[in-house]
Amino acid sequence: MRWYSMGDGGMGAVEFGAELRRHVARVGLSQEALARAVGVHQPQVSLWISGKHRPNRAHVRELASALGLGERDSDQLHAAAGMLPADVEQRLLDNADLVFLVRHFHPDWAPTLLAKIHPKEAES
């Protein structure tokens, strides 16, 4: 099982913007090229990078793909957007004992919930 460093309850839009900026700078894509790859207009990418807005799950998935992110970086980008990775979220939802908790906590609490459920494993 992989471990996710999700912080203390999810990051806000500003932190998402910083995380996205880091990856965009590393890859060297323009905002226009990233927008085309994700299927949005450049002003939307600008809002994400500036920290004024956070994308939805589908856009985070497309951003991770367009930036060539591996599993860990993709998970971190989801966390910065206040989301659990889709496979982890599904496992939580499939666990009948956790359905009540997941449905009643604000989405930004999900990363903290995950950290409490899964102990950190040694990195290989």
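Predicted model: local features only at pLDDT ≥ 70, side-chain atom pairs only at ≥ 80, totals over all residues.
Colleague: Thanks! Which residues of α2 are buried?

Modeller: A33, L34, A35 and V38 are the buried ones in α2. Buried here is under 20% relative accessible area, exposed is over 50% and partly exposed lies in between, with a 1.4 Å probe and protein chains only. Helices are DSSP runs of H or I with at least four residues, numbered from the N terminus.

Colleague: And at what angle do α2 and α4 pack?

Modeller: About 120°, with the axes of α2 (residues 31–38) and α4 (residues 57–66) 9 Å apart. That makes α2 oblique to α4; angles under 35 degrees count as roughly parallel, over 145 as roughly antiparallel, 65 to 115 as roughly perpendicular and the rest as oblique. Axes are lines fitted to C-alpha atoms, for helices over the stretch in contact, and angles run from 0 to 180 degrees between N-to-C directions.

Colleague: Which residues of α2 and α4 meet there?

Modeller: From α2 you have L34, A37 and V38, and from α4 H59, E62, L63 and A66. Contact means heavy atoms within 4.5 Å.

Colleague: Switching topic: which residues touch the most other members of the largest nonpolar core?

Modeller: F16, L20, L34, V45, W48, L63 and L77, out of 19 residues in that core. A nonpolar core is a set of buried Ala, Val, Leu, Ile, Met, Phe, Trp, Tyr and Cys residues joined through side-chain atoms within 4.5 Å.

Colleague: What does F16 touch?

Modeller: Not counting residues up to four places away in sequence, F16 touches W48, R54, P55, V60, L63, L77, A80 and A81.

Colleague: Now H78 in α5. Is H78 buried or exposed?

Modeller: H78 counts as buried, because its relative accessibility is 6%. Leaving aside neighbours within four places in sequence, H78 contacts R57, V60, R61, M83, L84 and P85.

Colleague: How do the axes of α4 and α5 cross?

Modeller: They cross at roughly 150° and come within 10 Å. On the α4 side the contact is made by R57, V60, R61, L63 and A64, and on the α5 side by S74, L77 and H78.

Note on methods. Residues numbered from 1 in each chain as written. Heavy atoms only, no water. Helix = DSSP H or I, 4+ residues; strand = E, 2+ residues; numbered from the N terminus.
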